[in-house]
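Please keep the sequence and the 3D view at hand while reading.

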Amino acid sequence: MLKQQLLGSTAPHIRTKQSTQEIMWSVSLSLTPVLAFSIYHFGLSALYITFISILSCVAVEAICLKLRGKPISAVYDGSAVLTGILLAFNLPPTVPFWLPIIGAMVAIGIAKQAFGGLGYNIFNPAIAGRCFLLTAWPVEMTSWQVHGVTSATPLAIFKEQGMHQLISQFNSVPELYWNLITGTIGGCIGETSAVLLTIGAIYLLYKKIISWHIPVTYIASLFVLGYFFAGKDSFCSGDPFFYIFSGGVFLGAFYMATDMVTSPLTKKGKILFGFGCGLFTFLIRKFGTYPEGVSYSILLMNTATPIIDRYLVPKKFGINKGAAKPNEA
Amino acid sequence: MVTSKNTKTFKGGIHPDLDPYLTGNKEYFKISPPDKVRIPLQQHIGAPAKPLVKVGDTVTVGQKIAESTGFVSANIHASISGKVTAVKKFPVAIFKQSVCIEITADDTDNNLHTPKKQDWQRLTPDELKNRIIEAGIVGMGGATFPTHVKLSPPDTKKIDIIIANGVECEPYLDTDRYTMCNFPHKVVEGLQILMRILNCRRGIIGIESDTPDAIDVMRKTVANLENIEVLALEVKYPQGAEKQLIYAASGREVPSGGLPMDVGAVVNNVATMSAVYDAATTGKPLIERSLTIVGRCIAKSVNITVPIGMLLSDIVSQLGGFVENPSKIIAGGPMMGEVLYSLDIPVTKGTSGFIFQTQDEAVTFSMGPCIRCGRCVDICPMRICPAQIAQAIEFGNFELAKKLGLADCIKCGSCTYVCPANRELVQLIKFADQQLKKKKGL
């Protein structure tokens, strides 16, 4: 009755359709509006830098896989492309062309492949790459231009000259907010447009690729801390909206901190992770020499992920308070 | 109409993407008795039964052909009349062989003659329990735990709730709905019999809300009974798992490492209830069961009732064979079922269905690295971390795996289902379980 041999495998015999590849490509897809905006806002250099970054990340990934004796087809999982996009999005649009190439070597070569490749890295590769570049080439990494005109980031102005100077530069508070939300300000390629980043994130939330736990706690804790402590004058004089819409908070909260590999497994852990990111971002912005603190805060929390995973695990079924003891009636 | 608002459920679990062609109610198809059955001596959890017949003996349907060899064991009866043609090892599942009693039909009367129906309410709890033992009844949802063991809790455990499991244990299967819609009185009275045996005042029939016809029929049947309630549950896998069902129906959590009786609950499948009713009223042994045959490559997807021991090949040929070559044949459901490598496999007391997958459906997967998305943790109905446990097992660290809750796993397969990297999470857990059992045995 049977004309061919049967397949054997253990249960389950049906699987979800969403694969690692789909997750990676969906995240990349959700970032295309942001890329389109940054090309419009910063000019074609944004596209070149992104393109070079993606290409070098994929190349470094392929070379490392070859050296490690792994199938090179693994580059199709899309994770290297995504790292390339995120690395570029964390660079100023005016950086020299070789900077993203070096960034890719650090991001993919050291932060990812040296640790064992996809799934085994401790640090978010794109952020590790960016932080290396920021330390090694601080001038190139902090020169901001919009259409050829040098323009410091709002956070830098706020840090060095204060809120009054910032408001006067943008004429009024609503205008400042408008520019911050739409992204028509100085900054890295992909970090300025809060509204487009949010739209991309809503798509990812809808597809259940990211969960709300990290971004919401991250942004909320920064909002609260900013309101209470960020003001120069006194307690509770901070501008929380400015605090969350400036710098790389939205890119960091929705796309970098939510990196699955380097964030905790459990919901509780994710909430703590998001809060920690918010806290460190605030501390660096308030007390550090850098006006921005998103990258370092996420990197710091990456190191905390293993210990969070160890202690913040769900309570097993059957050991809740309500449950009877096995030996009791 | 049942809405999803007022339905109860457990925490975690999945809503698998199902093939709409294979879900839903199936027609009933009448199977005629086969010429040959192969009845395994081990169809239950516990010790295998001891054969009472030898090759050449003539047996009649319903005759006890193997007897229970301990407390956790069960009697086995002939499901057709005929001659015993073999008592030897046959394949019963993949990589598994079990001693079977093969009966070849002759022209003797193949109808079961049971004594006149008796009113079970006149029997004492002990008499009722003895009838269940005599009839060889085991859990028919798939776990095949001998029913009388569940009915003999130690004196310190007071059972105050009995749950009839009308939740299809897996997607695509349709036998519980078939049993409830066609034999609602047997299910309810079977439940009442168990309540009498355990001196328990409360019964619950749990049914998922995607089978509204079964809920309606059961609600009508229990309309005049005060102490039995029909509960509509949310459609979610693994709702039919014992611990999850108890939680959904009563809010009680069976303690880690404990048994349902630790929270005063006993769960039995509705088909088991129906078999209990038959055994208590007429003494009819467990010699047949209903099951679902489903697949795109088979001529008909149907519910059938067949004698225990009937070979799958006979069932398939009565149904009209295959319309396309099957690539994978699964005994049980798509989430926990075992694959078969041959059609010469008998139906046992625990077989709830057979699934036939085509080449397109029976995809193979290559395992990728864990990207730590945490989905397996979010959906685990036992709230353990499959990703971490699987990783510990991969590194050979079984002690760590045990510490992380290896023993709590119910092997429902939800983690492997949701894993985007196609990691064989539940498979690794099963592997570690086997290795640890082996170690203990040495």
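## Chain A as a whole

The secondary structure of chain A consists of 16 helices and 2 strands. The model is a predicted one.

The C-alpha atoms of chain A occupy a box of roughly 80 × 55 × 35 Å along the principal axes. Of the 329 residues in chain A, 51% are buried. Among contacts in chain A between residues at least 6 apart in sequence, 71% link residues at least 24 apart.

## Helix α1 of chain A

Helix α1 of chain A spans residues 20-30, and its buried residues are T20(A), I23(A), M24(A), V27(A) and S30(A). Viewed down the axis of α1(A), these buried residues fall within an arc of 130 degrees, so they line one face of the helix. An α-helix has 3.6 residues a turn, so residues three or four places apart point the same way.

What covers this buried set? The cover over the buried residues of α1(A) includes α4 (79-89) and α11 (194-206) of chain A.

## Two residues in their surroundings

Q145(A) belongs to strand β1 of chain A, which comprises residues 145-146. Because it has 15 other C-beta atoms within 10 Å, Q145(A) is partly exposed. Apart from neighbours within four places in sequence, Q145(A) is in contact with T94(A), T150(A) and S151(A). Q145(A) and G129(A) are 16 residues apart along the chain, and their C-alpha atoms are separated by 21 Å.

In chain B, H44(B) sits in the loop between β2 (36-40) and β3 (50-51). Is H44(B) buried or exposed? With 28 C-beta neighbours inside 10 Å, H44(B) counts as buried, since the cut-off for burial is 20 or more. Leaving aside neighbours within four places in sequence, the contacts of H44(B) are S73(B), A74(B), V138(B), T144(B), P146(B) and K349(B). The C-alpha atoms of H44(B) and E394(B) are separated by 32 Å, and the two residues are 350 apart along the chain.

## Where chain B meets chain A

In the contact between the chains, 61 residues of chain B touch 43 residues of chain A. On the chain B side, the elements that give two or more residues are α8 (312-318), β15 (328-331), β16 (338-340), α9 (375-379), α12 (414-418) and α13 (425-441). By class, this side of chain B has 30 nonpolar, 18 polar and 13 charged residues.

Key:
Residues are numbered from 1 along each chain as its sequence is written. Chains are lettered from A and ligands numbered from 1 in the order in which they are written. This is a predicted model: local features need pLDDT of at least 70, side-chain atom pairs count only at pLDDT 80 or more; totals for chains, interfaces and linings use all residues. Two residues are in contact if their C-beta atoms, placed from the backbone, lie within 7 Å. Helices (H or I, at least four residues) and strands (E, at least two) are DSSP runs, numbered from the N terminus. Ala, Val, Leu, Ile, Met, Phe, Trp, Tyr, Cys and Pro count as nonpolar, Asp, Glu, Lys and Arg as charged, and the others, Gly among them, as polar. A residue is buried if 20 or more other C-beta atoms lie within 10 Å of its own, exposed if 12 or fewer, and partly exposed in between; C-beta atoms are placed from the backbone. The arc is that of the directions from the helix axis to the C-beta atoms.
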